[in-house]
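Q: I'd like to learn how to read the features of a fold, one at a time. Could you walk me through this one?

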Amino acid sequence: MGFRLAVSGGAENINLDEKTIQKVTFSSDSATDSNARATDFGIAVKITGKMLYKVGADGEDGTLGLSNIFPSEQADCYRNAQIDVVSAGQVVRKYTIPNAFVMEYEEHMDDETGVGTFYLHIKQKKDENDAVKIEGGYGE
């Protein structure tokens, strides 16, 4: 199983593939102090992966753009994020978050192994939760 991330709607598009992304967690959270089903809930995606550095003309480093996306002081701080879950070369589930913004972004480097990792936590704009799409069941 693998994952793909495509971010669009800003100055640059970002695409990460199965070689980069290691783990994706999709969640929908209600308020913890609610005694009944709350209408105030948030939709979030947490993505972790490897930093695949590119040297020279060896292609683009997709993770390089992650640290600069979704700046809150810019008009285009909300972007379209699409996460595809791939199994045996086929997309088996697709998450579309049309008004995503960054909650957290971290990069970790290890000088012993020479491998870097990243963590990206995005959320959907709360008043646009109904625009989020989860699709699957392809190829039936």
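Q: Which residues have the most contacts inside the largest nonpolar core?
A: A nonpolar core is a set of buried Ala, Val, Leu, Ile, Met, Phe, Trp, Tyr and Cys residues joined through side-chain atoms within 4.5 Å. Buried means under 20% relative accessible area, exposed is over 50%, and partly exposed is in between (1.4 Å probe, protein chains only). Here the largest core has 20 residues, and Leu5, Ile47 and Ile83 have the most contacts inside it. Strands β1 (2-8), β2 (14-16), β3, β4, β5, β6 and β7 (116-124) each supply at least two of its residues. Keep in mind that this is a predicted model: local features need pLDDT of at least 70 and side-chain atom pairs count only at pLDDT 80 or more, while totals for chains, interfaces and linings use all residues. Residues are numbered from 1 along each chain as its sequence is written, and side-chain values use heavy atoms, with hydrogens and water left out.

Q: What is Ile83 in contact with, leaving aside its neighbours within four places in sequence?
A: Contact means heavy atoms within 4.5 Å. With those neighbours set aside, Ile83 touches Arg4, Leu5, Val24, Val45, Ile47, Arg93, Lys94, Tyr95 and Ile97.

Q: How many bridges pair β3 with β4, and in which sense?
A: Strands (E, at least two residues) and helices (H or I, at least four) are DSSP runs, numbered from the N terminus. Two strands pair if DSSP finds at least two bridges between them. β3 and β4 have nine bridges and pair in the antiparallel sense.

Q: Is Lys46 buried or partly exposed?
A: Lys46 is partly exposed, at 36% relative accessibility. Apart from neighbours within four places in sequence, Lys46 is in contact with Lys23, Val24, Thr25, Tyr119, Leu120 and His121.

Q: How do I read the aromatic pairs, and how many are there?
A: A pair of aromatic rings is described by the distance of the centres and the angle of the planes. Rings of Phe, Tyr and Trp (its six-membered ring) pair if their centres lie within 6.5 Å; planes under 30 degrees apart count as stacked, over 60 as edge-to-face and the rest as tilted. That gives two aromatic pairs here. Phe26 and Tyr95 are stacked, at 4.7 Å centre to centre and 25° between the planes. Phe26 sits in strand β3 (residues 21-30) and Tyr95 in strand β6 (residues 90-109), so this pair ties together parts 69 residues apart in sequence. Phe26 is partly exposed at 27% relative accessibility, whereas Tyr95 is buried at 14%. Tyr78 and Phe101 pair edge-to-face, with 5.9 Å between centres and 85° between planes.

Q: What lies over the face of Tyr78?
A: A charge sits over a ring if NZ of Lys or CZ of Arg is within 6 Å of the ring centre and within 35 degrees of the ring normal. Lys125 does this for Tyr78, at 5.0 Å from the ring centre.

Q: Which side chains meet in a salt bridge?
A: The rule is a side-chain nitrogen of Lys or Arg within 4 Å of a carboxyl oxygen of Asp or Glu. Glu18 and Arg4 meet that way (2.9 Å, N to O). Glu18 is in the loop between β2 and β3 and Arg4 in strand β1, 14 residues apart.
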